[in-house]
Every structure is written in structure tokens, then in C-alpha cells.
Amino acid sequence: MLRMIIRRLVSGVAVLFVVAVITFLMLYISAGDVGRRILGDQASEEAVAAKNTELGLDEPVLERMGDWFSSALRGDFGKSWFTNEPVVDAIMNRLDVTLVMVFVSITIIAVVATVAGITAAVRRGWADRAVQIASIGGSALPGFVIGVVLINFFAVQRGWFPAVSRIVPGASVGDWVNSLTLPIIALVINGAANAAAQIRSAFIKQLEMDYVRTLRSRGISEREILFKHVLRSAAPAGLTVLSLQFIGLLGGVVVIESIFAIAGMGRLAVDATTQGDLPIVMGVVMYTVAIVIIVNLAVDIANGWLNPKVRAR
Amino acid sequence: MNTTTDELLQVDDLVVTYAGKGMFAKGVEILHGVSLRIGRGETLGLVGESGCGKTTLGRAVLGLAPVTGGRIEFGGKDISHATRKERQALSRDLQVVFQDPYTSLNPAMTIGDILSEPLGIQGITGADARQRVRTLLDRVHMPVDAMDRVPREFSGGQRQRIAIARALALEPKLIVCDEPVSALDLSTQARVLDLLLEIQENIGVSYLFISHDLDVVRHISHRVSVMYAGEIVEDGDATKVTTDPDHPYTRRLLLASPVPDPDRQAARREERLAHTAAMGFEVA
Amino acid sequence: MSENVTTSEPASPEAGQSGTVVRPNLVRRLLKNPLGMAAAVIIGLAVLAAILAPLIATHDPNTASLTDVLIGPGENGHWLGTDSAGRDIYSRLVWGARVTLLSGALAASVGIVLGLPTGLIAGYFGGKFDGVASWLVNVLLSLPGIMVLLAVRAATGPSVWISMIVLGVLFAPGFYRLTRTAVQSVRNELYVDAARVAGLSDARIIARHILSVVRAPVIIQASMVAGLSISIQSALEFLGLGDPLVPTWGAMVGDGFRNIYRQALNLVWPMLALAVIIGGFVLLGNALRDALEDLEKVKAKHRTDTSARGSLGSAPPVEAGTEGILLKVSDLGVGYPQSDGTIKKVVDDVSFEVNRNEVVGIVGESGSGKSQTAFTILGLLPDNAVVTGGSIQFDGNYTVALGDDRVPQSRLVELRGKRISYIPQEPMSNLDPAFTIGSQLVRPMVKVLGISKDEAKQRAIDLLASVGIPDPPRTMAAYPHEVSGGMAQRVLIAGAFSCDPDLIIADEPTTALDVTVQAEVLDVLRELQDRVGLGVVMVTHNFGVVADICDRVVVMQDGRVVEQGAVRQILRDPREQYTKMLLDSTLEDKEPLTRLLVDAGEGSA
């Protein structure tokens, strides 16, 4: 088990490194005239050249990448080209909203999808059909369309919720709840629909196992079979489904934050992309991938623990 | 019983080792120096329990398992490490019938395509091939219209007949039969065994007949080799080995297979318990 | 041995099912499904609109007009009105279909081009390539797609095509995994081995035997991926990150959203278009999968019905004089409803009795209904099974009374595990891999016998010793994967005896075992049965097993009882032709190298 964890950690660091190299090269090789973009059309050639030198853009790409890595290892991801705000600060200031949305959403998705998936698998009949139809419908609608519909209906027309996030530093809990309700609903609909269908099939697969019939023949109650044996065996599949949903949510917040004008990491990413603020883009990519790697590691450990063949080692 | 002078298949000191998983893992040696020979028109029964290596031996002969020591000679030629090209030529004379008739036929192909595939490799196509397929189906007592159907339309016994027809397509000299009847019902098993005997009478093919069932092996073989833990522990005349064996393991196998009569079975059980007590075999 | 009880679907009788020919025709099945038809129509119409865009558009999609900004539908010749730049919405929708479909197709194609061949190679050859490719795939899968697209957009500027190629790369792992798994599952199929023996080259084996297995799942995945790509691509355009010169539905939603207070209707058209086309692809994928599963239904399993269906009311008293019989099955019929409304009977008019201290063998070939009969007694039939007639009484009470059309679970729940227990065929698959053997033995005893955990543990250790397990405490602590098949079967036998049942239903309990292990397991079974004097129903196809352990025999064929009687009478002097034929098929005591059956070779096997 310990060896598995160590192997996964090493592999995670390797992934982070590879992603960093690729992203850095991709971003900076095709960066173009950055000084001109920052200073605008009116700036003189000299000023632009000076800006480029200041940003170190006249140095070879590989050298710059080396510099970036050596400061990144010390926790310094550079500064925004446009606001001069350190990248780490810019991200950390916005990370809390994003993480709250993502973790609340994944929790709701986990509960809703598990309940719906199990009900569909066990009851079959109309419950099953309802879950299947809902999951097709839910996964057919793009997240941003759901977001736009929600905002139009509940914020613009009814005014039940704010159309623009009220989350600012020092905002009250009520503001947080009010501002995040619709975005989280938008995120959950997609994810839950997808996950429910997959959890359903994982459960059905386990229910058809021979040992379930044998447990029944031993006088074990249906409830115990379901919640002790089948749930346990279907859990690894379910966790994997949820970890993929989690990765999806990190992408989903980018769009949702823009729709609901939430100042989170996703919004930061969109703005930086539009402006061409490469240090920020680089930083956001690194943070997101790191979060994904940590979550995947946690899922691997949980799955390893659930599997006696792995746990023994 | 056929007496033969020249051997068709000769296996000497065969060692098969599967590479271990992972970079530094040690390989697993399945066969530890196995020798056997089969004459023309002869059936050698190879009997043993699961995991003893009997299937691996068959696969090594067919080139499906890695030969790491010893040699396999077929028709006087060393085929231990035959290339794919040589195998292609060899497939004319050396064929196979597998255990599971449900996975040994490609579910997406028609019976006609399945049977003409080996013909196509040897350059027989078109009308010639169709005529051959018809003859083959007839030989295994299947209707000609089976040609245009797919495997799932047939029962296990029928599929096994088709697999036998595929093996016969190129009129081979040796067919490796890997547990060909163990997935079949009793009466179907009897029909397939009858068919194999009939084919041998007609075209003089040799069989390497691999099975876990001593009764099946006794019925179909001229000679029998008994395998245990990757080695051959006893071989000789089929009736002798399967009714009055010398080796304690063969004896144990014989006494463990139940006979369909209560009183004789009770006697055999007593004999087995006495034998086990004397030999002190541990529980499996 | 071919009676596979895990597939409860009645096996087809020998020589049957050759009449109707059902060709696997995916397309026809797809179109027969209303959802599949709808999906095909939607996508077909979108393709048509995309091709005909220059003809059916009324305006140039990019011509702005400052005078006609955000006007409503029908005004000034703009059927659906105009956007914030005064561009015609209808024409933009039509042209947008082009970009939308092409982008979906591009992403899916890139995914297939990258994922399919690599998956084929990794799955077929394995080795180093597989290791490297699988690691890369894990890297790609841990990237959040939209973030990557943002980074690419930041690097290369707005381009639908570049972002779709990148998206295709991100989807390649899906195709890779799908292909690799499919290939691995067929790589070791015997028909691939047969092709190797025939001397087929690897390239031809892949082309002929392997590609066909991957094709359908890849098409399904492609459909899903196309929908997903469109969804992600339009999200990017919605955010304003797309090419402003290319009319797209995503950008139109964005424009409508920014002007939501002035012309909310502008939101509706592109959103509708997106929802319909993405829904079309998702539906197509689902319908394709259903069509495919339909083809495989032959081997589909059914779940066991354990819902509390069936009348709760007390059953009528049994016929006087039969109260003492342990198990009495009378005129039992069991069937499965077919799609044409008829019921296919798998057990028909079956009657037999089992007394205490008696082992009754049920013998027959696959499809004889012997296992179905056993599962009816246990009440563990698949949930679509119906009782078509007859009754079952256990120790003086009906478990299935005349007129019940299902096995009433309320009655069986009281008996199962307590008075009637079960020994399955496959030792390994019948133990839960996630729990120790000890806990799987102890729990039923605690529950059924109401004894303490420690007491149950002691009992389990004693039981394991009595079934011949050398070191019971160690086996108790082991997980199922740590013991051999023979050991696992002993554990299951110990489990069946653990709660002092009166009747044991053993379904081919030695079929999966080697003969030497079979003999030992039968010894254990006989000894325990002798000691506690219970009744046993022994389902088997092996006359040797019957001779070894049974007192009486019931011979079944095609769901009916052919004959029954004392074991010596049936084995030595069978009355029925079918029993004679079965006994003729046994090999013990036959002249070697001679034909077994006189009527052999009439194409009937």
C-alpha cells in the first residue's frame, strides 16, 4: 500500500513537470510581441523593446524556462504582466470561491448521483427509466446553456438571486449562499446526470454477481447485502466516476464564473487568456493540474484501501 | 492399435518459461523438460489436472507458448522456434481444436468465412474454396446451409463440429485437441468423440488429445501420458495406464474419477481412501 | 459441464434455434428505435442545413447593420431578428451549423486517429509501448480540458480548428482506453489463437478479427465525443474566446446573453440549436449502444427478484398425510415471458420428493431445467421468471402454493439460510472478494442463529476443520483470492451447513473442481450429511457423482421429468430411452476406440 502511494506521488510530480514544460513552451514560443500588447499601439518602439527586456522576453526560451522552474520551486510564479500582482497572490485571492463551488458541487453530485444511481439499479422499473432519461437530458445540455437559462429565469425575470456575484472580501455568509446557489445548481445538473448513469451501471454489474445470490441464500437481509457488500464493491468504480467529474468541474467553473460574474480562478483564467497575460495562464494551469493530481491520488489511495489485493501489499 | 515406425511429432526435454511481470520479476517455468512422441495415425492422450501444464504443452507445439529449452520436431523438422512464415506453411499439417466452442469461433464471421480463412492463406479461394467448405461441413455432419450463418446460431456441440471442420480444412497430419469435449454435455461429448474417431479412420490423422478426464482419454487414445506439475510422470499403452497405472499420482487420478454405479463406486471410494491414507496426499 | 448457471436465461436445446436467422444489423436496429430515429433525423437535418447554407441563408452572416440592431423576429426581412451588430440571426444560425458540425467531426476524428491505432498496438502487443502510452494517457486525463484550451487560445489566438484539434488530442485517451480494453479482451480469445495457428500475420489478424470488435464501441464513443466537443467549443465562443469572423452558435448565445435585458429572444434560437444538436449526438450514442446490447441480449443476465412480491397471506394447509415430507415439489412449472407475449416454459410439470436423510440427484443436460428447479425451491429465480403452475411444500408448509405466479419472498425469507441452504457451482465467484472468509461465515450465523460473534467464530473454526481445512484460523483471516478453488468450495460447503439447515440445495457443487478435489469434496459432503441427517437436492450432470452420493435420481430433459427412482434402478435398469442414451454416453467401462452411439453423426449434436 505504502509503495503504491509513493509510486503514485512520484508519478504525480512527473506529470506536473511534463505539463509545466509543455505549457511553458507552448505559451512562450508563440507569444508574439508582448511588450506591444501590454503598452498599447501608442507606445514607442523603444518603450516596447524596454518592456520586452524587462520581462526577460529577449532571452532564449529554454533559459527563461529554467528561471521559471527555479523560482517556481521557491513558490514564486512571477508577476502578472498587466497588473504587476504576483501570480500566487492573484490565484490565492480567487481560489477560495472556486474551491467552495467545486467541493460543494462534487459533494452534492456524489450524494445525488449515488442515491439516484442506486435507486435506479435496485428498483428498476419507472425509477430506472426516469434516471436514464434525466441523465441523457442532463448530459445533453451544455453547462453554459444551463447557466444562462438559470440566470435568465431566476435572476433576471424573478430576481430571486443576484445575477452578478456579491462575493467580495468580507462578504456575509448570506451573500455567499445567494451568489453561489445558481452557479452550483448549474454545475451539479451536468455532473450529477453523468455520474448517476455510470453509478447505476456499476451497481447493476455488482448486483448480478454470483456472490450476491449466495449471500441471499445465507439469510442475509437485502438491506445488508446492498449497503455492506454491493456498495463496497461498487465504490471503486463510483469513486473513479466522481474523480472524473471533479476534473470536469474544474473546467466547468471557468464558464460558470464568467456567466455569474464570480471573481474566481476560472474568471481569472478567461481574463488572462483574453489579455494574453501568460504568467497568470501558466500559474492557473499549474494550480489546476496540481489540484487534480492531489484528488486523483486521494482516489487511488481510497480505491487501494478498498481492494484487499492491493491493501495487503 | 496402429504400429508406426516413423514419428510424426517428437518433443524432447521441452522447457516453457513465461516471462515474469515487471522488469526484474523472475520468469515462471511451466514445463520442466517434457518428452513425448506421436506416430502417424496415432492418438496420444495427455491427461492431468488444472495447472499441470498440459495446455501449455499443446500451445508450445502450436507456437503459442515460448519454448525456452529442448526441441519440438514435426515430420523430422525442428519447429521449436518456427517463424510466422514457417508456421504458415506448417499450418497445412498442424491444426488445433480448442476447448471452448463459444470463443474459438469469431462471432462476427459467417461459418463459410471461418472455414475458408485457412484455405485462403494457402491460396485456395473462390469456387474451389466454397466447394471445399461444403465437403468439410458434410464431413462433420453439418448441413451445407450452415455456411451463411454466424456462430451464435449454433449450439455448443455444433460449434465444436465447426471448429473440427476448420481444423480439417487443410487435411492436416496432426490435430492438437485441447480439452475439446470438456465444455460439452454428456451425449454431445459422445457424438464429438465418435466424430473424431470416424475422421481418424477415414483420413489417418494423428491427435494430441489433451484432457483432464481419464475416461475420455482412455476412450480415444492409443497411448497416454500423465502430467503432473509440469512433468510427465507416466506414459504407455492407453488401457494399461488408465486402468492399471504404476505411478501413485495416476492411481490417485483413476481412483478419484467416479464410476456410474453405486456399488462399484463405493468400492472405488474405499480403495481411494486406503490409497490416500497410504500415500499421505495433502488436501488440495 | 456446459450448464452455466450464472446465465439464468434458459439455454437453448441442442439442435434447436437454427430456424430464424437474425443478422446483426446495427443500422436497422438503430432506426427501429424511436430515439435512434429521432437522433438520425436531427443530425441529418443539421448536415443538410450546413451543406445548403449558402443557398438557404437569406443574408450574409457577417454583414453588420447599424440601423437594424437587435430587432425582433420578422422585422425588415429578418425572420428571426438581428443581433447586437445588426447581423441576421437566421443566416448566422444556418452558417453556424457548418462550423458546429465540422468542429464536432474534427475533434472526434483527431481523437480516433490518435487513440485507435495506439490503443490497437498497446492492446495487441502490450510491452513497453503499452507502458509509455498508458502513462501519457493518464497525464492527458488529469488535464482539465477547458484550462488546456484556454492556454492554447492564449498561445495561438482564436481559431476554431486549432482548439478542436487540441480537444481531439484530449479525447484521444478515451478512444485509446476503449480500444485497448476491447483488444485485450479478444487478444487471447481462442479464435485469435486459431488464426495464429493458421499462420495469419499480425496485421491480418488485427484487420480481420480485432478491428471488428472495436468498431461499434468506437462509433458510439465518437458520437458522444462529437456532442461533447460541440458543447465545449461553444462554451469557448460563448466566453468570447472564439474567432469573431466565424458565425457560431456559442458566440450567438454570448451576444444574446450580453443583451439579455434588451432582446431575450435572441438567446433562445442558438440555445435551442445547441441543445438539439448535442442532444442528437448523445441520443445517437445511447441508441447505438442499446442496439448493440440488443444483439448481445442472448447472454444477458437477469437479476434475482427479491422484492416482497407475492401474496403475504398465509398459504392453505398442505394435503393431509404429506406433512412429514421434507420437500415436495408438485407439478411445478416455471417460465419466462417472451417479447411476443407467450411464456417460454423452462420447467414443466415437475414433481418429486425429498425426505430427511436422503440425497436426491437431479440429472440432465444443459437446458433440462434442473438448475431452474433448484432455484425455484430456493426462491432465487431471476425477476422476470414466473411460476406457471404447481406447488412446492417444505416441511408441511407451502412455499409456493397453487395459484402463486411468483415465489412468495415473504415465505422464503423465513427459510433461506435458516432451514434451506445452498451450495453454488463456482467456488470463487460466490465469495465476496472484499470480505474475509471468516466474516462471510460468521455473519450469517450471528444473524440466523442469534449467537454471539465469538461463539460464531468458534463454530466457524470447527466447521472449517470438519470440511478438511488444515489451518482454520488462517483461512478465516484470508480473503477469497488467497485460497484455492478447492478450499473455497469447502468454505462454501461449511457455510451451507453453518446454520443447521434441514435441506441443502447443491447446484453442481463439484463441476468446477479437479477430479481429485471433487472426490474429497464429495467425501466431506457425504460425511456431514450422514452426521446431521438432512435432505440434499444434488443438481449434477455427472452420473459418477450420482452413483457416489445419491439415494434417488430424477432425470430431466427439456424441463420435464423423464423418469425417477432409486439410484440402482435408474443407473442399472433405466426404463426410458433418453436415460439409456445418457448412460450409453458415459465412457467408463466402454470398449476404447469404438463408437459410443449407434445413431451418431446425423448432424444432431
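Of the 605 residues of chain C, 57% count as buried, where buried means under 20% relative accessible area, exposed over 50%, and partly exposed in between (1.4 Å probe, protein chains only). This is a predicted model, in which local features need pLDDT of at least 70, side-chain atom pairs count only at pLDDT 80 or more, and totals for chains, interfaces and linings use all residues. Residues are numbered from 1 along each chain as its sequence is written, chains are lettered from A and ligands numbered from 1 in the order in which they are written, and side-chain values use heavy atoms, with hydrogens and water left out.

**Chain C: overall form**

- Chain C holds 20 helices and 10 strands. Helices (H or I, at least four residues) and strands (E, at least two) are DSSP runs, numbered from the N terminus.
- The C-alpha trace of chain C spans about 100 × 60 × 60 Å along its principal axes.
- Among contacts in chain C with a separation of 6 or more, 70% join residues 24 or more positions apart. Contact means heavy atoms within 4.5 Å.

**Chain C: surface and charge**

- Chain C has an accessible surface of about 23,900 Å², and carbon and sulfur atoms hold 58% of that. Accessible areas come from the Shrake-Rupley method with a 1.4 Å probe; for residues, only the protein chains shown count as cover.
- There are 51 positive and 62 negative side chains in chain C, and the centres of the two sets lie 6 Å apart. Lys and Arg count as positive and Asp and Glu as negative, while His and the chain ends are not counted. A charge is placed at NZ of Lys, CZ of Arg, CG of Asp or CD of Glu.

**Chain C: local points**

- Helix H9 of chain C (residues 249-258) has 8 of its 10 residues buried, so it is largely enclosed by the rest of the structure.
- The buried residues of H9(C) include Trp249(C), Met252(C), Val253(C) and Phe257(C). Gly250(C), Gly254(C), Asp255(C) and Gly256(C) are also among them.
- Ala50(C) sits in helix H2 (residues 34-56) of chain C. Ala50(C) counts as buried, at 8% relative accessibility.
- Beyond its neighbours within four places in sequence, Ala50(C) is in contact with Ala97(C), Arg98(C) and Leu101(C).
- Ala50(C) and Asp502(C) are 452 residues apart in sequence, and their C-alpha atoms are 73 Å apart in space.

**Chain B**

- Chain B has 10 helices and 10 strands.
- Of the 284 residues of chain B, 58% count as buried.
- Residues 24 or more positions apart make up 67% of the chain B contacts with a separation of 6 or more.
- The accessible surface of chain B is about 10,600 Å², with 50% belonging to carbon and sulfur atoms.
- Chain B carries 32 positive and 39 negative charges, whose mean positions are 5 Å apart.

**Chain pairs**

- Of the 2 pairs of chains that touch, chains B and C have the most contacts.
- Chain A and chain B do not touch, and their nearest C-alpha atoms are 14 Å apart.
- Between chains A and C, 65 residues of chain A are in contact with 66 residues of chain C.
- Chain A and chain C bury about 5,900 Å² between them, and carbon and sulfur atoms give 70% of it. Phe144(A), Arg213(A) and Arg218(A) supply 14% of the area that chain A buries against chain C, more than any other three residues. Buried area is the accessible area (1.4 Å probe) that two parts lose on being put together, summed over both.

**Backbone and exposed sites**

- Most residues other than glycine have a negative phi.
- Asn84(A), not a glycine, has a positive phi of about 65°. Asn84(A) is in the loop between helix H4 (61-73) and helix H5 (87-123) of chain A. Asn84(A) is exposed, with a relative accessible area of 53%.
- Asp13(B) also has a positive phi, near 50°. Asp13(B) lies in strand S1 (residues 7-18) of chain B.
- Ile133(A) belongs to helix H6 (residues 125-140) of chain A. Ile133(A) is exposed, at 59% relative accessible area.
- Ile133(A) and Val97(A) are 36 residues apart along the chain, with 32 Å between their C-alpha atoms.
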